[in-house]
Amino acid sequence: MTSHVKLRKERVGVVDYDTQIKEVRCQLLDQLKVLDLQLEQKNQQLQDLTDYLRRRGEIESEYARSLEKLAEKFISRIKRKESSNHSVTKAWLALLSQTRQESKDHSSLSESCSIFIIQPLTYCLEYTQRLAKKSKDICTQLQDGLLKATTELQTTWRTYYQYHSEYVCAEGKLKEAEKQEEKQKQSAAKKLERLIEKRQCKVKERGLKCSKARNEYLLNLAAANASMNKYYLQDISTLIDCADVGYHLSLSRVMQAYLSSQRRAQQNLATGLQQLQGAVSGLDQSHDRDTLLQDHYNAFCMPLRFPYQPHDGDQVAEVSAESEMICELETRFKQIQTRLKAVTQDTEEASKSMSAAQASLLESISEDDLELNSGSLSSQEGSMENLAARPSVARRRANLQELENLYFTRVKDYLINSSLVSKLQSKHDLLKVAVEKAEATNGHQPRPTAKSMRVRRNPSSANLMHNHKLFNGDMLSFIQASGQQIPLVVKSCIRFINLNGLHHEGIFRVPGSQMEVNNLRDAFERGEDPLAEQRYDLDSVAGVLKLYFRGLENPLFPIDSTNQLLECAQIKNEAERAAQLKAIIASYPEPVIVVMRYLFAFLHHVSQYSDENMMQPYNLAVCFGPSLVRGAQDDDVVTLQPQINALVKGILLQHESVFPSQSEVQGPTKCVLTFFQSQSPHKGLQLSHCQSVKCPRTHLQRF
């Protein structure tokens, strides 16, 4: 059993040595393949470099001819034109002169690449192949010697294993004989002694053979390891160096010759660039702008001021602040003054932001991606390291576009705000003069108080004898039951906003007090007109108006016509779109059409004061669109909202064409307000607001 185990171990060891030597053989074959591949790579490099220089010479020649043609083309154009004092033109001429010199330098570089540098590469290719072949032959011989050492190692190792196995077997038999001798009687002792002596002789003989085999094995093992170490640590490096003798030197000489040609071209280029730098340093944006404006004076000179053109002999040529309008003008003057202060501050901030954005943009534009000044090789390597440290081209372009968008946004904000400041300042100055003159002229006359300016309550609007809800109900049923052509809440809120809120910034956009909104809603629900007796916050009144339309059981525009309306809103032609919308609206009940016409005339009137209240038609459409137009239950509100906003904006802008006239559908089309109470000294005067949507100014009209 013991011998079986040792035999198995012996087999495992044999397999291990065989595998290791087999791997060494494969590795040596791979080395020869690598050396062959290295030779092919060097041949390919030399051939590619030769082809590159030959093609580079052709390209340099073509490039030189193209530069010469390019320079001549634009020089002839400049000669045909009149001379200009623009700094850009001077820099342009310097660039063309430098281009002609560069053409000559590239022609010289083409000759060097095509003739003088290629021949050394041909010689290098020939002797590189010879040296590689000789190095390979030596490498093969060394590998054969190495394999011979491994073969000897393997042979002595097998012999040692064999003798050692025999020695172990003999020693085992001797031990068995000695054990039998102890068990046997004295009569058989002599016979066993002779057997033991015989086996001792065999053990001694086989032990001697095992020792000799072991010594031989150890010697060959040391020799094989020494051969391996020398071959892998010294011989391979020496053979590779032998194969590369002269290769790098030849390439270095070729490259140095190429660099010399390039340096000569760069020296001439540097001289031309210095001249061009002088012209570039003279670039002056302000000077060129002034020169452009002067050369095209007729196109950029300021036109004449618009003269005042009175109508039909009207002699008044200034803003008048009569006693009836002094309150309104003072209110508007204060609102414009507040607005002017805020816009002026915004303009100053926009100016600072624009300057900061401009500085950031110029800083980003001024960053160079290429090293323009040629110098030593080390400085060129340093510039390449700096380029590697910079962000990628795509990232820098994205950053530049972001800065451009930011800068032009700031410019737009500044120009719009400054234009608004100019308009508000002109209105402010005229109103200031008019108010001061009115105060100086009519200072002794009492002004109408807020109490005397309250609107009288309409007694017919109270104690309504019907059971239909105003809020969260059906508007058509309410109108038919109450007899009101315009629901009281709509009429009263519009009247109040016309009197007090046309100049209020953010009307309908800024939320009001929820408590006031609830109180107003409850009062209107009871049939009262709370806005006739008290003054409320404008934003709360606007909130009540939006709340009424938002809470209607059926929206102002019927749901079954929403798809048709949205399809009409996509029509590009304005006249056709208005005609289609009018045809759809004409199918609605007349009481609904009257309310629609009344509401949109008011919203259009509000939008005419957008310079002060900041509520352009689109802003009003955003505020009222979700309340007036709704989709079906399964429609995506978020998806339809932009289309609904566009629809409401279009109806607001074309309301006169979309809705039928008063002759077609009877009913109020505008808001007529009583300005003074009956006990006022101005009895008989009526304030007509929105008499014409085209004229946004409030005026007094006698019955």
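## Salt bridges in the model

The structure holds 17 salt bridges, a salt bridge being a side-chain nitrogen of Lys or Arg within 4 Å of a carboxyl oxygen of Asp or Glu. This is a predicted model, in which local features need pLDDT of at least 70 and side-chain atom pairs count only at pLDDT 80 or more, while totals for chains, interfaces and linings use all residues. Residues are numbered from 1 along each chain as its sequence is written, and side-chain values use heavy atoms, with hydrogens and water left out.

One of the salt bridges joins K136 to D36, with 3.0 Å between the closest N and O atoms. This pair links distant parts of the chain, since K136 lies in helix 3 (residues 118-183) and D36 in helix 1 (residues 2-80), 100 residues apart; helices (H or I, at least four residues) and strands (E, at least two) are DSSP runs, numbered from the N terminus. K136 is partly exposed, at a relative accessible area of 30%, and D36 is partly exposed too, at 28%, where buried means under 20% relative accessible area, exposed means over 50%, and partly exposed covers what lies in between (1.4 Å probe, protein chains only).

## The chain as a whole

The secondary structure of the protein chain comes to 21 helices and 3 strands. The chain has 703 residues, of which 35% count as buried. Its accessible surface comes to about 44100 Å², and 53% of that surface belongs to carbon and sulfur atoms; accessible areas come from the Shrake-Rupley method with a 1.4 Å probe, and for residues only the protein chains shown count as cover.

Among contacts between residues at least 6 apart in sequence, 81% join residues at least 24 apart, a contact meaning heavy atoms within 4.5 Å.

## Two packed helices

Two packed helices are described by the angle between their axes and the distance between the axes. Helix 15 (residues 562-569) and helix 16 (residues 574-585) pack with their axes 9 Å apart and at an angle of about 170 degrees, which makes helix 15 roughly antiparallel to helix 16. The contact is made by Q564, L565, C568 and A569 on the side of helix 15, and by R577, Q580, L581 and I584 on the side of helix 16. The residues of this contact divide into 5 nonpolar, 2 polar and 1 charged.

Axes are lines fitted to C-alpha atoms, for helices over the stretch in contact, and angles run from 0 to 180 degrees between N-to-C directions. Angles under 35 degrees count as roughly parallel, over 145 as roughly antiparallel, 65 to 115 as roughly perpendicular, and the rest as oblique. Ala, Val, Leu, Ile, Met, Phe, Trp, Tyr, Cys and Pro count as nonpolar, Asp, Glu, Lys and Arg as charged, and the others, Gly among them, as polar.

## Two serines

S250 is found in helix 5 (residues 247-281) and counts as buried, at 15% relative accessibility. Leaving aside its neighbours within four places in sequence, S250 is in contact with C124 and Y127.

S419 has its place in helix 10 (residues 393-441) and counts as partly exposed, at 41% relative accessibility. Although S419 and T347 are 72 residues apart in sequence, they are 9.5 Å apart in space, C-alpha to C-alpha.

## Positive phi in two loops

N472 has a positive phi of about 60 degrees although it is not a glycine. This residue sits in the loop between helix 10 and helix 11 (475-482), and N472 is partly exposed, with a relative accessible area of 49%.

M614, likewise not a glycine, has a positive phi of about 60 degrees. The loop between helix 18 (610-613) and helix 19 (617-628) holds M614, which is partly exposed at a relative accessible area of 23%.
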